[in-house]
Structures are given as structure tokens and as C-alpha cells.
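The sequence and the model are shown first.

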Amino acid sequence: MKVDKSHVYGEMTMPTIIKLAEHMKKHKKKSFLDIGSGYGLITRGIDEYFREKGFPIKVTGIEKDLERFEICNKINFTKKIFKDKYKIIHGSIYNHMDLVEEADYIFSNSLLFPQTFPNKVVKFMKPGTIFVHNTARSTIDYKSEMILSSSWSLKNHFKVYVKR
Ligand SMILES: C[S@@+](CC[C@H](N)C(=O)[O-])C[C@H]1O[C@@H](n2cnc3c(N)ncnc32)[C@H](O)[C@@H]1O
């Protein structure tokens, strides 16, 4: 297994994960989807925050995410009872739009995704679902912004979209 330490690869930080969990709690959202797992820190953090509530937390990822996600499980010595929770749904989100339909709260650190990506996601969301993303030049309308820290900057602007 190789850990990706390249300068172009980045992930969100723990304060961001807590901020997302608190935002989700404030808006009474009960399920979470991370589009593009990376090492899976968000999945794990959100799951642990809501552990007693038992909310469903899902995550997708393409080829390289499978290894990254597994590394996270290894270094955290994930217990057998949590193995099912920390399972990545393999494949592009475009082939798993059912996950978008189910989720109450969707996050995507998707700066480099195609500009049209958010438009595709919002089409499948149910009313009331919140979508937080940073896709560059996105044309979808948004309610507000969140400033979130990542491994490459303390202040990243994420758009908060709420489906009507
Ligand atoms: C910047 S990382 C985000 C990692 C983590 N979610 C975070 O925010 O810290 C974006 C991830 O999205 C994955 N990705 C890219 N295209 C995707 C697609 N079509 N479907 C699902 N995941 C995708 C990439 O492999 C990458 O791991």
C-alpha cells in the first residue's frame, strides 16, 4: 500500500469534520454521504460523532480511494464490529445516484470535479437535503457559504445548497 503524499492531493481536517457534524445536527439531518472518500476520515469522524444515534453514513470512491480508505481502517485498528460501517461503496458517484436520493446531508470536497458535477447531484436530491461542495465554477444556486479548513488551506469556501 502506498500513502499519497503528493502536494496536489488534499483532505479536510478534524475541525471541519466537527463543523459538518454540528451543521448536520443543527438541521436535524439523519444520514450522511461523502462523495469521494480519500482516506475516509470524514466518514469515520461523522460516524463516531453520531454513533449513539446510529445514523447511516455512506461513502463512495473510485479506484485510488479503495486503497486510501483501507489504510485508514488499518491505522485505526478498526474493530470487526465496525467493519461494515467503514465500508466504501466502490465506483463513480455517477453510477450510484441512489445514494444521493437517500441522503439527508451530502458533502463533497470536489474542487477538481467537472463544473457540471453539482448540477447532476442536485437533480437526484430529495427536498430538504443539504449539499456542501466546493466544485469550481459551479452554476447552481446556493443558500450560504461555509469556511472549512483542509490540508492545503485553513480557509476554503464551500457552497451550501438546500434542495427545495
Ligand atoms: C479531495 S478528495 C476528498 C477526500 C475526503 N472526502 C475529504 O474531503 O477530505 C476527492 C476524492 O474524490 C474522489 N473522486 C473523484 N471522482 C469521483 C467520482 N466520480 N465518484 C466518486 N469519487 C470520486 C477522488 O478519488 C478523491 O479521493
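## Basis of the model

The structure is a predicted model, in which local features need pLDDT of at least 70, side-chain atom pairs count only at pLDDT 80 or more, and totals for chains, interfaces and linings use all residues. Residues are numbered from 1 along each chain as its sequence is written.

## Overall fold

The protein chain contains 5 helices and 7 strands; helices (H or I, at least four residues) and strands (E, at least two) are DSSP runs, numbered from the N terminus. Read from the N terminus, the order of elements is α-β-α-β-α-β-α-β-α-β-β-β.

Along its principal axes, the C-alpha trace of the protein chain spans about 40 × 35 × 30 Å. The radius of gyration is 15 Å, which agrees with the value near 15 Å for a compact globule with 164 residues; the radius is taken over C-alpha atoms, and the globule rule is 2.2 Å times the number of residues to the power 0.38. Of the 164 residues, 33% count as buried. A residue is buried if 20 or more other C-beta atoms lie within 10 Å of its own, exposed if 12 or fewer, and partly exposed in between, with C-beta atoms placed from the backbone. Among contacts with a separation of 6 or more, 67% join residues 24 or more positions apart; two residues are in contact if their C-beta atoms, placed from the backbone, lie within 7 Å.

## The sheet

The 7 strands form an open sheet with mixed pairing, in the order β3-β2-β1-β4-β5-β7-β6. Two strands pair if DSSP finds at least two bridges between them. The pairing of β1 and β2 is parallel and runs over 4 bridges. Opposite Ile-57 in β2 stands Phe-32, and opposite Val-59 in β2 stands Asp-34.

Strand β2 is largely enclosed by the rest of the structure, because 5 of its 5 residues are buried. In a regular strand the side chains alternate between the two faces of the sheet. In β2, Ile-57, Val-59 and Gly-61 point one way, while Lys-58 and Thr-60 point the other way, and all are buried. Gly-61 counts as buried because it has 24 C-beta neighbours inside 10 Å. Leaving aside residues up to four places away in sequence, Gly-61 touches Gly-36, Ser-37, Leu-66, Phe-69, Ile-88 and His-90. The C-alpha atoms of Gly-61 and His-90 are separated by 5.5 Å, although the two residues are 29 residues apart along the chain.

Helix α2 (residues 41-49) packs on the sheet and touches β1, β2 and β4 (105-108); its direction makes about 175 degrees with that of β2. Axes are lines fitted to C-alpha atoms, for helices over the stretch in contact, and angles run from 0 to 180 degrees between N-to-C directions. The helix is mostly covered, with 7 of its 9 residues buried. These buried residues are Leu-41, Ile-42, Thr-43, Arg-44, Gly-45, Ile-46 and Asp-47, and they pack against α1, β1, β2, α3 and β4.

## The ligand shell

The ligand is surrounded by 18 residues, of which the closest are Glu-11, Gly-36, Gly-38, Ser-92 and Asn-109. A residue is near a molecule if its C-beta atom, placed from the backbone, lies within 6 Å of it. At least two shell residues come from each of β1 (32-35), β2 (57-61) and α3 (63-75).

By class, the shell comprises 6 nonpolar, 8 polar and 4 charged residues. Here Ala, Val, Leu, Ile, Met, Phe, Trp, Tyr, Cys and Pro count as nonpolar, Asp, Glu, Lys and Arg as charged, and the others, Gly among them, as polar.

## Loop residues with positive phi

Lys-28 lies in the loop between α1 (14-26) and β1. Its phi is positive, about 55 degrees, although Lys-28 is not a glycine. Lys-28 counts as exposed, because it has 8 C-beta neighbours inside 10 Å.

Arg-137 is placed in the loop between β5 (130-133) and β6 (144-148). Arg-137 is not a glycine, yet it has a positive phi of about 60 degrees. With 8 C-beta neighbours inside 10 Å, Arg-137 counts as exposed.
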